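Dear colleague,

I am passing on the structure below, followed by what was found in it. Please read the text with the model open beside you.

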Amino acid sequence: MQLFPELGPLVPSRKTPKVRAFCRRLLAAAGWGIEGSLPNRSKFVIIAAPHTSNWDFCVAMLVIGALELRVTWLAKHTIFRWPLGLLMRRLGGLPVERTRHHGVVDHAVTLYRRREQLILAITPEGTRGHVTRWKTGFYHIATGAGVPVVPAYLDYRRKRVGFGPMVWPNPDMDTAIRSLQAFYAPYARRARHPELFGTGKAADSASR
């Protein structure tokens, strides 16, 4: 395992050596490492799970900084209120109103079509609380934009953030999402709060 794997030349990145060094020092001091690698592609969707704690965001931001990734992440619009919203946007945040599912998907697909490089990061659970069905917006975005999905996981037991193999969307969405949920099953008990992470149920096609 490389403690901090290198990015391919096509992956969206930003040159921030001071931020990179700071984030790497913090992760290493806390015993966290990164396993797996991101595909050498200019556009893809990252889904991140299990998401059961505010600490997930802190770890994710350190990983993004340590790898010098340029990521846009979607989150509920309420965390973008002033003054915190200024920082959230600077870190790559894009506010989402959960009641406007179709608008979010359409907007994201448009972003992919307009930009030469784009990584969108989304939590398929949609909340830190316990869920039995994933939100499927990420899959509709990947399908509409014609980009792959890359699963990322947080393993608090081993202190690892990892990337799994990319998955191309196909018309059989429910089967594809069950396959992704099966990928995350081994990490169900390794979340910050395992009791809040649920997998194994079919995706809710109506909840984007």
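Leu69 lies in the loop between helix 2 and strand 3, where helices (H or I, at least four residues) and strands (E, at least two) are DSSP runs numbered from the N terminus. Leu69 is buried, with a relative accessible area of 4%; here buried means under 20% relative accessible area, exposed over 50%, and partly exposed in between, with a 1.4 Å probe and protein chains only. If its neighbours within four places in sequence are left aside, Leu69 is in contact with Leu7, Val11, Pro12, Ser13, Arg14, Leu38, Ile64 and Ile119, contact being heavy atoms within 4.5 Å. One of these residues, Ser13, is 56 residues away from Leu69 along the chain, yet their C-alpha atoms are separated by 4.4 Å.

Before going further, please keep in mind that this is a predicted model, in which local features need pLDDT of at least 70 and side-chain atom pairs count only at pLDDT 80 or more, while totals for chains, interfaces and linings use all residues. Residues are numbered from 1 along each chain as its sequence is written, and side-chain values use heavy atoms, with hydrogens and water left out.

As for the chain as a whole, its secondary structure comes to 6 helices and 7 strands, which follow the pattern α-β-β-α-β-α-β-α-β-α-β-β-α when read along the sequence. Of the 208 residues in the chain, 45% are buried. Among contacts between residues at least 6 apart in sequence, 74% join residues at least 24 apart.

The sheet is an open one of 7 strands in the order 1-7-6-2-5-3-4, with mixed pairing, and two strands are taken to pair if DSSP finds at least two bridges between them. Strand 1 (33-35) and strand 4 (93-96) stand at the edges with a single partner strand each, so one side of each has no neighbour in the sheet. Neighbouring strands of this sheet are turned by 25 degrees against each other on average, direction ignored; the axes are lines fitted to C-alpha atoms, for helices over the stretch in contact, and angles run from 0 to 180 degrees between N-to-C directions.

Strand 5 (residues 118-122) pairs in the parallel sense with strand 2 (residues 43-49) over 5 bridges, and with strand 3 in the parallel sense over 2 bridges. Leu120 of strand 5 is the bridge partner of Val45, and Thr72 also stands opposite Leu120. Strand 3 pairs with strand 4 in the parallel sense over 4 bridges, with Lys76 opposite Val96. Since 4 of the 5 residues of strand 3 are buried, strand 3 is largely enclosed by the rest of the structure.

Helix 2 (residues 55-67) lies across strand 1, strand 3 (72-76), strand 6 (149-155) and strand 7 (160-163), and runs at about 65 degrees to strand 7. Helix 5 (residues 137-145) packs on the sheet, where it touches strand 2, strand 3, strand 5 and strand 6, and its direction makes about 170 degrees with that of strand 2.

Ser53, in the loop between strand 2 and helix 2, is buried at a relative accessible area of 6%, and its side chain reaches the backbone nitrogen of Trp55 at 3.0 Å.

Finally, the structure holds 0 disulfides, a disulfide being a pair of cysteine sulfur atoms within 2.5 Å. Cys23 is buried, with a relative accessible area of 6%, whereas Cys58 counts as partly exposed at 36% relative accessibility.

With best regards

Terms used:
Polar contact = N/O pair within 3.5 Å; in protein donor to acceptor, adjacent residues only side chain to side chain.
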